[in-house]
Amino acid sequence: MKRTALFSVFALIVLWAGWTIAYFVIGNEYILPAFSQTIAATGAYLVSGTFYNAFFNTLARTVIAFVCSAAAGTVLALVSYRAAWARAFFAPVVSVLRTVPTMAIILALLIWTSPAAAPVVVCVLVLFPAWYAAALAGFDEVGREYGDVARVYKVPLSRRIFRMYLPLAAPVFLGQAGSLLSMGLKITVSAEVLAKTYRSLGGMMQEAQAFVEMPELLALTLVTIILGFALEGLCAVIAHFAVRWKR
């Protein structure tokens, strides 16, 4: 554990050194500002009420999209696990959602919905296929291990779902949750930038880019990265305890 932490710290030092070298090589703060300028801009944001308003709006959109994706993906994966026709039906739907360009979805949603709602819908459409696949894999694994036992003892379907399928597949879900949640944050912010969503991290990034405020733009990017790491770490902790409970 200590050695892993040391390597992580070393990686951060390498990134900082690369940033500093690039800053002096480029020599243009409008292209790449100094690391100290970015930290100063980050500090200024951290004492701004407007920033926190945007921060929590973006976080709320990400969490809402994630929860909706997880709920829909879990329910439909369970249906697909229980019914072969459902698995066959949803297979091409999931494939289409995986391959459709995210940019095209955002542009279409800007016509059909509002700039505030479009990032949520885009995030759901991108996260749903991944969560569906993870949930279906989890149910298949549980079925291979315990399906025969449940059939032999004629366990009722409702008990199998809530006492067997969902609890035993939970570690598989949680193992994917961190990466999907951080990916959802990235998708949400990207959609906010394109949609020019008011009072959001993406909207603030778009505004900073329009006024060529590079320290502010990189500060917002840094905040988004840290938030993504925090969300992923939280899910990793929850998954750790879930797997230990299963064992």
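## Burial and overall architecture

Of the 247 residues in the chain, 38% are buried, where buried stands for a relative accessible area under 20%, exposed for one over 50% and partly exposed for the range in between, with a 1.4 Å probe and protein chains only. The model is a predicted one, in which local features need pLDDT of at least 70 and side-chain atom pairs count only at pLDDT 80 or more, whereas totals for chains, interfaces and linings use all residues. Residues are numbered from 1 along each chain as its sequence is written, and side-chain values use heavy atoms, with hydrogens and water left out.

The secondary structure consists of nine helices and zero strands, the elements being DSSP runs numbered from the N terminus (helices H or I with at least four residues, strands E with at least two). Among contacts between residues at least 6 apart in sequence, 75% join residues at least 24 apart, a contact being heavy atoms within 4.5 Å.

## Salt bridges between helices

The structure holds two salt bridges, each defined by a side-chain nitrogen of Lys or Arg within 4 Å of a carboxyl oxygen of Asp or Glu. In one of them, the side chains of arginine 61 and glutamate 192 meet at 3.0 Å, N to O. Arginine 61 belongs to helix 3 and glutamate 192 to helix 7 (residues 157–195), so this pair ties together parts that are 131 residues apart in sequence. Both arginine 61 and glutamate 192 are buried.

Aspartate 140 forms a salt bridge with arginine 87, with the closest N and O atoms 2.9 Å apart. This pair links aspartate 140 in helix 6 (residues 118–152) to arginine 87 in helix 4, distant parts of the chain that are 53 residues apart. Aspartate 140 counts as buried at 19% relative accessibility, while arginine 87 is partly exposed at 32%.

## Aromatic pairs

Rings of Phe, Tyr and Trp (its six-membered ring) are paired if their centres lie within 6.5 Å, and the planes count as stacked under 30 degrees apart, edge-to-face over 60 and tilted for the rest; by this rule there are twelve aromatic pairs. Phenylalanine 66 and tryptophan 131 have ring centres 5.6 Å apart and planes at 85°, so the pair is edge-to-face. Since phenylalanine 66 lies in helix 3 and tryptophan 131 in helix 6, the pair ties together parts that are 65 residues apart in sequence. Phenylalanine 66 is buried with a relative accessible area of 14%, and tryptophan 131 is buried at 7%.

A tilted pair is formed by phenylalanine 128 and tyrosine 132, with 5.9 Å from centre to centre and 40° between the planes. Both residues lie in helix 6, four residues apart, or about one turn of the helix, and both are buried. Ring pairs also link Tyr45, Phe51, Tyr52, Phe55 and Phe56 into a cluster.

## Surface and nonpolar patch

Helix 3 (49–82) and helix 4 (84–99) each supply at least two residues of the patch, and helix 4 gives the most, with three. Valine 75, located in helix 3, is exposed at 52% relative accessibility.
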